[in-house]
Amino acid sequence: MLACDIGGTKIAGGIVDGDEVRLLAQVPTPAQSGPDALIDAAWGLAQRIIDEQLASGGARPEVLAVASAGVIDPIAGRVTAATDAIAGWAGTPLRDELAARFGADVHVLNDVHAHTLGEYVHGRGRGHRSMLLIAAGTGIGGGFVVDGQLVLGQSFVAGHVGHVDVVGADDVPCSCGRTGHVEGLASGTGIEQHYLRRTGQRRTGGEIARLASTDDDARACIVAAGEALGRSIGGFLNSFDPGLVVLAGSVVRAGDEWLAAVHDGIAASAMDAVAQTPIQLAQLDNAALVGAACWADTNRKERP
Ligand SMILES: [Zn+2]
């Protein structure tokens, strides 16, 4: 199956078979050029992959599975809301636009929902009934699987786990325009902003993580980020009892002190019965592509 993952900075694509992705390719996202240019870029990438597939003696894919940034209604196939990271993305009839170009079956899903489903079906979640995935990178997103079902929510917003209040983030601004959310303190951007507030110096999240062993300010930012994320995870354990938490995204590489702080945060907030829930690092490299394909596969089979 052909799959594409439309993000704020790049569009990735490939031929997905189970947890394997072949002919993996990517192009930069023309994020400020409007939805038509973006869909043309995604379709251009898809066509290139189809051509390579045909040239290598393979069959033309019959289904296009799409993961995309923004709040996605997978039933109507539309982008219902999006941040300014992709200009004009909200309201785009993504499925129909791509189906008109592809001439065949297209399925769409939010990228973090797809990431969650991929990791659940083919990664760490295999064999588990339920799972919480948290992706901590530039922002913090996530997804819940409960009793084998991906939770989309009434408005397809379920899994915005970065936007919950947490101790320590009181007046810290969040990307959503509110204050006090865990993303403002514990995302990669949050760590960079925290360091800037403390020291007046701009450093990347990776630099701050590397400095943590020698620089007290860097260490404080990394520990605050881990504890805040851990406290929020504790709250999700108490309310959902998922049985497994999978951590993904660039922030999970912040080091041992960060991970220890995550566990401290969980210990401070999780109830005894769920405090020992396993916390594992994600397994798949291209989980959103894999998950988009799982979603498309399930929906095709359910169609009468
Ligand atoms: Zn927020």
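Predicted model: local features only at pLDDT ≥ 70, side-chain atom pairs only at ≥ 80, totals over all residues.
Residues are numbered from 1 along each chain as its sequence is written, and side-chain values use heavy atoms, with hydrogens and water left out.

**The two domains**
- The protein splits into domain 1 (2–115 + 286–299) and domain 2 (127–281), with bounds taken from an automatic or database domain assignment.
- Their C-alpha centres sit 27 Å apart.
- Ten residues from domain 1 and twelve residues from domain 2 make the contact (heavy atoms within 4.5 Å).

**Where they touch**
- Domain 1 and domain 2 bury about 900 Å² between them, and 78% of that is on carbon and sulfur atoms (buried area is the accessible area, with a 1.4 Å probe, that two parts lose on being put together, summed over both).
- You'll find zero salt bridges between domain 1 and domain 2 (a salt bridge being a side-chain nitrogen of Lys or Arg within 4 Å of a carboxyl oxygen of Asp or Glu).
- On the side of domain 1 that touches domain 2, strand 5 (71–73) and helix 3 (111–122) are the elements giving two or more residues (helices are DSSP runs of H or I, at least four residues, and strands are runs of E, at least two, numbered from the N terminus).

**Side-chain pairings**
- The whole structure has three aromatic pairs (rings of Phe, Tyr and Trp, the last by its six-membered ring, with centres within 6.5 Å; planes under 30 degrees apart are stacked, over 60 edge-to-face, the rest tilted).
- Trp43 and Phe102 pair edge-to-face, at 6.0 Å centre to centre and 70° between the planes.
- Trp43 is in helix 1 (residues 35–55) and Phe102 in helix 2 (residues 94–102), so this pair ties together parts 59 residues apart in sequence.
- Arg101 and Glu97 form a salt bridge (3.1 Å, N to O).
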